Amino acid sequence: MPKVTAIIDQESSQIQIVRAIKNNDLKVLKALYQANYHKVKALVLSNNGSIAHAKDIYQDAFIAVWKNIKNDKFTPKNDTAIDGYLYTIAKNKWMDYLRSKRYKKTLVTSYETHFNISDITIDEFSDDNTNDERLHSVMQSFKHLGLPCKTLLTKFYFEKKSMRDIAKELKLDAASTRNKKYRCMQKLRKLALNLK
Amino acid sequence: MSQNTELTQELLELVERCLNKTANTEELKDFEAKLKTDLAFKAQVADIKTLLFGIEEQSLKESLNVFHEELDHETSNKSVPVKTMYIKKIAVAAILVIALGSFWFFSGNTNEKLFAKYFLPDPGLPTMMSKTSNFEFYDAMVNYKLGDYSIAIKKWNELQERKPNNDTLNYFLGVAYLAYKDENAAITYLSSVTTLSQSTFKNEAYYYLGLAYLKAGNVELSKKNLNFSTIDNSKSLLSELND
């Protein structure tokens with residue numbers, strides 16, 4: 001007899017995790033991040049990499065997993081599926097890096113040189129490069145957006161807080177928070193356009 | 001992103017509602033129909049989605065760095081409170097008394113015997129439950145104090161990879177290796193502490209380095225290092241070696 005309850009529990013915990021990841025639940029993201037780092041670090045360190053490489057590769061892989069879960073490209077089947085998926089992506093990224101020209105060039109100059117791994121994830125070979133460029137310019141602009149706007153937009157779009165809660169936190173009324181959010185989006189859009 | 005079109009609040013909020021599934025069915029139906037027929041509208045919506053994804057991805061990136069810093073929490077010299085150092089000194093003094101008290105038990109004067117007579121691992125730092133910022137370090141300290149040197153070494157080594165120049169870490173790794181009978185590794189770590197211009201552990205590090213060289217059979221270097229330490233035990237060991 002299969003343990004039905006166990007299967008149900010496992011499934012529901014996976015659904016919960018996926019939902020939490022889609023909602024950017026910081027507690028869940030942090031636990032996932034911290035639980036899997038050391039394995040990837042060990043892999044990179046034992047394969048000609050440094051601590052800095054390990055961090056870069058791992059963060060890249062983590063973002064790829066987050067994106068794929070968000071876009072329903074990956075649905076974990078059991079409890080350890082996300083961990084395994086994350087490790088596999090990190091491993092593939094590291095192999096790609098070791099095979100890359102950049103690595104071979106780095107070998108000659110210095111082991112310590114920092115690098116940026118391309119943002120293309122394994123199932124994301126889009127033929128639409130302009131889309132990536134746009135996203136990149138939005139991200140850069142958001143990085144340098146003024147703090148008040150950045151805080152407001154982060155709370156709303158990343159932390160998924162309600163407009164009412166944000167208004168309370170910022171000691172504003174709901175209507176002006178809503179307007180402020182719109183103005184911040186205009187500002188961000190303008191910055192991103194100029195960057196292009 | 002197209003220069004010509006303006007971002008309107010209405011469209012922004014409509015896209016938001018459609019994405020987080022709070023739009024009503026009629027609204028959603030209209031939206032999807034328009035996406036299929038109106039290419040300009042489709043482009044505008046794509047632009048808004050790019051803005052929203054960009055905000056999320058950049059926010060996540062910044063959060064990851066915060067998560068990572070927590071993994072990185074260091075065991076810096078500064079984090080050792082003054083009071084702790086005081087307790088440590090008393091503990092070292094107590095051990096010296098015990099070591100000196102047992103002095104006459106030993107008659108031979110071989111390096112091994114001298115080492116066995118003088119070597120007692122550093123009592124370690126008090127472990128406090130509240131010190132969560134240095135959890136990994138103190139977690140290993142518990143193993144160290146229990147005499148599980150291999151476990152402590154393994155854990156500290158992981159930390160040391162991230163903080164190769166931390167003197168507290170290098171000092172305790174050195175002493176742990178010495179207790180674990182790996183004097184060569186001990187010499188490496190302890191030397192790195194003694195070469196620092198300033199460290200709270202410098203005095204003790206010279207003493208243990210002297211012991212490590214003694215264990216390794218290098219009496220000259222042992223004497224040289226013991227000479228730099230002002231610990232009483234160091235002086236008495238030195239005088240025995242000179243006898």
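Visitor: Before anything else, what is a salt bridge here?
Guide: A side-chain nitrogen of Lys or Arg within 4 Å of a carboxyl oxygen of Asp or Glu. Keep in mind that this is a predicted model.

Visitor: OK. How many salt bridges across the interface of chain B and chain A?
Guide: The rule finds 8. One of the pairs is Glu57(B) with Lys67(A), whose side chains meet at 3.2 Å, N to O.

Visitor: And residue pairs in polar contact, how many?
Guide: There are 14 across the interface of chain B and chain A, with both residues at pLDDT 80 or more.

Visitor: Which helices of chain B supply at least two residues to the side that touches chain A?
Guide: Three are on the list: H1 (9-19), H3 (39-71) and H7 (149-162). H3(B) gives the most, with 21 residues.

Visitor: What's that side made of, by class?
Guide: On chain B, 11 nonpolar, 12 polar and 12 charged residues touch chain A.

Visitor: How many residues does each chain bring to the contact?
Guide: Chain B brings 35 residues and chain A brings 44.

Visitor: What area is buried between them?
Guide: About 4,100 Å² between chain B and chain A. Carbon and sulfur atoms give 63% of that area.

Visitor: Switching topic. Where is Ala192(A) found?
Guide: In helix H9 of chain A, residues 174-195.

Visitor: Buried or exposed, and why?
Guide: Ala192(A) counts as buried because its relative accessibility is 1%, and the cut-off for buried is under 20%.

Visitor: How far is Ala192(A) from Ser137(A)?
Guide: In sequence, 55 residues. In space, the two are 5.3 Å apart, C-alpha to C-alpha.

Conventions
Residues are numbered from 1 along each chain as its sequence is written. Chains are lettered from A and ligands numbered from 1 in the order in which they are written. This is a predicted model: local features need pLDDT of at least 70, side-chain atom pairs count only at pLDDT 80 or more; totals for chains, interfaces and linings use all residues. Side-chain values use heavy atoms; hydrogens and water are left out. Contact means heavy atoms within 4.5 Å. Buried area is the accessible area (1.4 Å probe) that two parts lose on being put together, summed over both. A polar contact is a pair of N or O atoms within 3.5 Å; within protein, one must be able to donate a hydrogen and the other to accept it, and residues adjacent in sequence count only if both atoms are side-chain atoms. Helices (H or I, at least four residues) and strands (E, at least two) are DSSP runs, numbered from the N terminus. Ala, Val, Leu, Ile, Met, Phe, Trp, Tyr, Cys and Pro count as nonpolar, Asp, Glu, Lys and Arg as charged, and the others, Gly among them, as polar. Buried means under 20% relative accessible area, exposed over 50%, partly exposed in between (1.4 Å probe, protein chains only).
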